[in-house]
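Subject: Handover of a structure, with findings

Dear colleague,

Please find the structure below, followed by an account of what was found in it.

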Amino acid sequence: MMRFLLLFSRQGKLRLQKWFTPMSEREKKKIIRDMTTMVLARQPRSCNFLHWKDLKIIYKRYASLFFCLAIENQENELIALEVIHRYVELLDKYFGNVCELDIIFNFEKAYFILDEFLMGGEIQETSKQMVNRSIEASDMLQEDDSSEWFEVELFG
Amino acid sequence: MSDVVEKTLTALPSLLSLDSQPGSTKLSSTSKLGTLIRGITELTSKHEEEKLIQRELTSIKEQVSSPNTSMRQMKELMVRAIYCEMLGYEASFSYIHAIKLAQQGTALEKRVGYLAVSLFLNESHELLLLLVNTVLKDLQSTNLIEVCMALTVVSQIFPKDMIPAILPLVEEKLNHPKEIIRRKAVLALYKFYLIAPNQVQHIHNKFRKALCDKDPGVMTASLHIYLQMIQENPEGYKDLTTSFVTILKQVVGGKLPMDFNYHSVPAPWLQIQLLRILSLLGKNDQSTSEIMYEVLDESLRRAEMNHNITYAILYECVKCIYTIHPKSELLEKAAKCIGNFVLSPKINLKYLGLKALTYVVQQDPKLALQHQMTIIECLDHPDLIIKRETLELLFRITNAQNVTVIVEKMLEFLRINKDDYTTIDLVGKVAELAEKYP
């Protein structure tokens with residue numbers, strides 16, 4: 001099961017935080033500090049896995065953003081790496097050649113996509129099409145307030 | 001790196017222009033959020049950032065408390081409040097308004113309201129009870145999007161004591177004609193199972209129905225619950241072994257729709273879940289294990305390509321083969337696999353190979369001996385994580401001859417290591433060895 005997912009820039013500025021288990025504010029702040037220090041200190045050619053307390057931290061750098069995912073000890077690290085990659089693919093498909101600016105200015109959309117993809121610390125939907133369709137349907141919501149219309153889109 | 005800079009430079013003119021682009025790539029440049037973000041990036045000191053955010057928070061606080069704010073404006077204010085909280089500043093005045101937004105807003109406003117609630121609150125927060133009513137209402141709505149949102153928020157954050165109130169509604173969604181709702185309902189029940197298992201005991205037969213659902217998404221979702229239940233009680237589910245084996249056969253044979261492929265590998269996450277379930281069912285049980293041999297062989301053969309995800313599947317396969325009742329041909333193939341991992345130049349694979357060796361070394365110590373040279377090389381690897389894994393492995397294969405050397409290496413590592421948790425762990429191991437081999 002996944003515990004949390006953090007996205008931060010190379011200067012350590014947080015861009016997205018998703019917690020899959022309940023935690024106090026103090027703990028969250030401490031974790032964010034620890035993660036940014038640890039991950040940013042890693043050498044470029046070392047492996048993408050770290051140990052922290054009783055969790056494993058999987059991190060990957062995409063351009064200027066670090067994606068940092070924490071999993072429990074018995075989980076498979078390589079699969080977690082692919083979870084990160086899959087999320088990036090989804091973001092790319094949605095924003096079209098996604099860059100850090102897209103995520104900064106549209107972070108609530110990034111959260112929506114994440115919520116369709118991961119749920120309660122597990123992968124929810126492995127079909128790319130489904131995730132994209134549900135996001136696009138809710139985008140239609142923005143243009144037009146009447147709800148029946150895009151129901152056809154999503155469920156048609 | 002330079003193409004990101006280029007992309008940023010080309011995007012800047014449109015960011016600064018007054019008309020925003022249509023479609024999903026709309027950058028909310030003229031919105032107040034955009035102004036806030038740009039304002040922050042221009043500042044240089046933390047002190048100035050604090051001042052700006054506090055000003056922003058005061059302005060947001062005024063606007064959310066005013067009775068004239070429309071839901072549309074409230075949505076925008078919530079997004080800014082989420083941003084401020086993300087930067088570490090407290091905006092607890094906005095929590096109640098987030099719940100109100102989820103209650104009263106339509107569609108996208110509701111969605112932002114729910115998002116804000118899931119990000120702001122935690123499970124023991126007293127405001128959560130107010131959310132329950134909204135969720136109950138939305139679950140019964142005729143608008144399917146609202147039902148989806150309600151189910152999503154239920155899976156993210158829900159007070160334990162209110163589960164009985166909402167359980168019948170979620171249960172009935174299990175039979176909904178739309179697969180997205182069924183899938184979300186299964187995941188909501190999974191969350192309930194995790195926080196209050198006894199409340200969900202009586203609906204096990206419904207999970208079986210979800211397992212046989214014609215939509216692969218729903219079926220995958222039900223596997224999460226099954227994995228948990230089987231971990232607690234493997235005996236009760238042995239009769240399902242044939243079903244799991246059949247599903248895995250179909251997946252590996254490419255019978256799922258193309259959409260579930262990830263880089264030409266069919267539904268890898270599903271495969272891994274099934275492999276984990278099968279290893280739990282086949283442990284110490286010869287007859288159950290025999291059902292699985294064929295499909296494990298097939299999975300090993302199919303996962304030939306050179307992509308991270310196939311290595312992940314191979315790793316799970318190998319673990320499964322070593323957990324269940326042994327069969328020599330499969331063990332041989334798995335051993336070869338581990339060998340390939342450890343000898344691979346890719347550092348992630350080496351790590352995985354070492355982990356696999358640690359796992360199997362009790363059953364097959366010869367394998368570790370075979371790769372002695374590589375293990376010794378890994379001891380001097382510049383990456384501390386690899387070193388630590390190697391030490392874990394060596395700890396398992398310690399015997400009277402090599403104990404001094406191994407303990408020396410561990411002490412050396414302890415000197416350069418800075419992480420407290422690892423230090424405690426290693427010191428414990430050294431003490432154990434000292435006791436065993438005085």
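How many helices and strands are there in chain B? Chain B has 23 helices and two strands, where helices (H or I, at least four residues) and strands (E, at least two) are DSSP runs, numbered from the N terminus.

This is a predicted model, in which local features need pLDDT of at least 70 and side-chain atom pairs count only at pLDDT 80 or more, while totals for chains, interfaces and linings use all residues. Residues are numbered from 1 along each chain as its sequence is written, chains are lettered from A and ligands numbered from 1 in the order in which they are written, and side-chain values use heavy atoms, with hydrogens and water left out.

Chain B as a whole

The C-alpha trace of chain B spans about 80 × 55 × 45 Å along its principal axes. Of the 438 residues in chain B, 56% are buried (under 20% relative accessible area; exposed is over 50% and partly exposed lies in between, with a 1.4 Å probe and protein chains only).

The interface

Contact between the chains (heavy atoms within 4.5 Å) involves 77 residues of chain B and 76 residues of chain A. The area buried between them is about 7200 Å², and carbon and sulfur atoms give 59% of it; buried area is the accessible area (1.4 Å probe) that two parts lose on being put together, summed over both. In chain B, the residues that lose the most area to chain A are M86(B), R111(B) and W269(B), together 11% of what that side buries.

Five salt bridges are found across this interface, each being a side-chain nitrogen of Lys or Arg within 4 Å of a carboxyl oxygen of Asp or Glu. One salt bridge joins K184(B) and E116(A), at 3.4 Å from N to O. Another salt bridge, also at 3.4 Å, pairs E75(A) with R276(B). E75(A) lies in the loop between β5 (65–72) and α2 (77–95) of chain A and R276(B) in helix α14 (residues 268–282) of chain B, so this pair joins two chains. Both residues, E75(A) and R276(B), are buried.

Around T152(B) and D115(A)

T152(B) belongs to helix α8 (residues 144–156) of chain B and counts as buried because its relative accessibility is 11%. Leaving aside residues up to four places away in sequence, T152(B) touches D115(A), M119(A) and K184(B). D115(A) in turn forms a salt bridge with K18(A), the closest N and O atoms being 2.9 Å apart. K18(A) is in strand β2 (residues 14–19) and D115(A) in helix α4 (residues 107–117) of chain A, 97 residues apart.

With kind regards
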